[in-house]
Amino acid sequence: MATKDNLIQVTDLKKYYNRGAIKALDGITVNVQKGDVMVVIGPSGSGKSTFLRSLNLMEMPTGGSIIFDGVDITKKKVPNEKGKMVKLDIDKHRQKMGMVFQHFNLFPHMTILENMTLAPIKVHHMPKDQAEKKALELLGRVGLGDRAGAYPIQLSGGQKQRVAIVRALMMEPEVMLFDEPTSALDPEMVGEVLDVMKELAQEGMTMVVVTHEMGFAREVGNRVLFMADGKLLEQGTPDDIFLHPQHPRLQEFLSKVL
Amino acid sequence: MSVSAAGFAKTFQYADMFKEGMLCTVYLSFFTVILGFLLALVLAVMRLSNFQPLRFLAMTPDGHLREEGFLAAVGRFNPISFIATVYVEVVRATPMLVQLFIVYQVVFSKNVIDLPSVTVLGFLKLNRFLPGVVALALNSGAYLSEIIRAGIQSVDGGQTEASRSLGLTQGQTMLYIILPQAIKNILPAIGNEFVTIIKESAITYTIGVQDLMSAVKAAQAGTFLVLEPLLVVAAMYFCLTFPTSKVIAYFERRMRRGDQR
Ligand SMILES: Nc1ncnc2c1ncn2[C@@H]1O[C@H](COP(=O)(O)OP(=O)(O)OP(=O)(O)O)[C@@H](O)[C@H]1O
Ligand SMILES: [Mg+2]
């Protein structure tokens, strides 16, 4: 499934808070390749969210580089096609990275359909009817075709998260970032969201997923990263990580969560 | 001092003046609310902007942002936000009456902005009415901007993140995501401010705007009655402010429907 094309190259990524007192990320180096389903695990406070949020510059890194589609997006100025230095258009890059949050972050004042069509209409200048058609199609695929006119408050947590996923897909991103997408859900709704993510993975979507769902990591992930204290302590295939953990911190972590 | 029916009867001989005064107060408040609100939006956005022209001074040679020290502070300096903050603080720390006279006697004086002596909207003297509106709007804009700023900050940060992650710009995020939710949160406070504007507009009487207060003065002078005209005008202010707050409360309830959490 995975080809050898690098999509995101992260080198020595650092993010410090409080003048370096907190090292949320302390030198992370990793490559995300097209088609990867990269699962990030680790104890609370280990920097998983910070890592994910740095990838689309929700957090500005303190150091290091992130090369996405051949451009170092941590730099203020980047060379354009002609080699001239121009201001980095971060919105352009964010459009190519979908993000799904723990708390869904649907827009409460808009219907499901409006939630989904806003960005394609305003950013991609897609005609409204075309955007709505596409939204209804995607909603149908996640079993919510009849809820287009509803407001977010009228949906269950699992339904909200499925909407959040297809809302991000409307922009046809090259990679999807998930930050604990099932952690805020009642247990009976976790499955329906993981199913959608699994389907997405099978279609070849590149995904970076922070999750505590070890079953998902094993079954769907093709690479697993273990983070602790802002460092990437171990990475490998699900079998490497779950069956043959090397680092003592990983062994300790797994003994608690499995 | 006593109140008598005869006193009210005399006062009502000035009904036309009270009517014009009431209309004047309505116009004053209406234009003040609109101008003040626009000013407040601009001020709030200025204060929340992240325009940092000296940011390059805070950059390390390898292109990252300094976290501490004098240069980091200079780099964070936002002149747009600074100007708006100074404006808001000055307006809030000086008397409305002083502001009104500065606008009327200085800004709209013969040698700065010389307004022609014409009447507008039927009976309003432009060279009194306009300075009144401008002064009230400049004042309420400062207060409203604080309310709006608080409202913007009250919107969950996840909303901005979701919007920006979809590729919407900062401006689009403000317009389509943050402001609609902020306005809903602060509608009660805005309603309060609108009611305050109606009441405070009485102060423009001091620069000769023919609002409700000037009708009181005329009635008092003509009838030698003190209390009755004041009671009438108090009742009229009440008739303006009470429905206003009720209407705003109605909209607030309506907007709460379909609310999250
Ligand atoms: N804005 C901030 N200011 C200061 N410290 C922060 C900030 N954001 C995160 N941190 C710190 O950075 C570290 C990493 O946080 P992060 O949220 O990335 O961890 P996490 O692995 O996602 O944890 P969890 O599993 O609890 O979500 C933590 O120690 C956290 O307290
Ligand atoms: Mg987290």
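A polar contact is here a pair of N or O atoms within 3.5 Å, where, within protein, one atom must be able to donate a hydrogen and the other to accept it. In this predicted model, 7 residue pairs in polar contact are counted between chain B and chain A, both residues of each pair being at pLDDT 80 or more.

**The interface of chain B and chain A**

On the side of chain B that touches chain A, the elements that give two or more residues are helix 7 and helix 8 of chain B, and helix 7 of chain B supplies the largest share, 7 residues. By class, the residues on this side of chain B comprise 7 nonpolar, 11 polar and 9 charged. The contact as a whole draws 27 residues from chain B and 33 residues from chain A. The size of an interface is often given as the accessible area lost when the parts come together; between chain B and chain A the buried area is about 2,700 Å², with 57% of it given by carbon and sulfur atoms.

The rule finds 2 salt bridges across the interface of chain B and chain A. A salt bridge joins the side chain of Glu161(B) to that of Arg53(A), with an N to O distance of 2.7 Å.

Two packed helices are described by the angle between their axes and the distance between the axes.

| Helix pair | Angle between axes | Distance between axes |
|---|---|---|
| Helix 7 (residues 157-165) of chain B and helix 8 (residues 170-200) of chain B | about 145 degrees | 10 Å |
| Helix 6 (residues 126-154) of chain B and helix 8 of chain B | about 140 degrees | 8 Å |
| Helix 4 (residues 79-92) of chain B and helix 6 of chain B | about 115 degrees | 9 Å |

Helix 7 of chain B and helix 8 of chain B cross in a right-handed sense, and their contact involves Gln159(B), Thr160(B), Ser163(B) and Arg164(B) from helix 7 of chain B, together with Gln170(B), Thr173(B), Ile177(B), Ile178(B) and Gln181(B) from helix 8 of chain B. The residues of this contact are 2 nonpolar, 6 polar and 1 charged.

The crossing of helix 6 of chain B with helix 8 of chain B is likewise right-handed. Among the residues that meet there are Leu136(B), Tyr143(B) and Ile147(B) in helix 6 of chain B, and Met174(B), Ile178(B) and Phe194(B) in helix 8 of chain B. This contact has 15 nonpolar, 5 polar and 2 charged residues.

Helix 4 of chain B, by contrast, passes helix 6 of chain B in a left-handed crossing. Tyr87(B), Val88(B), Val91(B) and Arg92(B) of helix 4 of chain B make this contact with residues of helix 6 of chain B including Leu138(B), Asn139(B), Tyr143(B) and Glu146(B).

How values were computed
Residues numbered from 1 in each chain as written. Chains lettered and ligands numbered in written order. Predicted model: local features only at pLDDT ≥ 70, side-chain atom pairs only at ≥ 80, totals over all residues. Heavy atoms only, no water. Axes fitted to C-alpha atoms, helices over the stretch in contact; angles between N-to-C directions. Helix = DSSP H or I, 4+ residues; strand = E, 2+ residues; numbered from the N terminus. Left-handed = near helix turned anticlockwise from the far one by under 90°. Contact = heavy atoms within 4.5 Å. Nonpolar A, V, L, I, M, F, W, Y, C, P; charged D, E, K, R; others polar. Buried area = accessible area lost by both parts, 1.4 Å probe. Salt bridge = Lys/Arg side-chain N within 4 Å of Asp/Glu carboxyl O. Polar contact = N/O pair within 3.5 Å; in protein donor to acceptor, adjacent residues only side chain to side chain.
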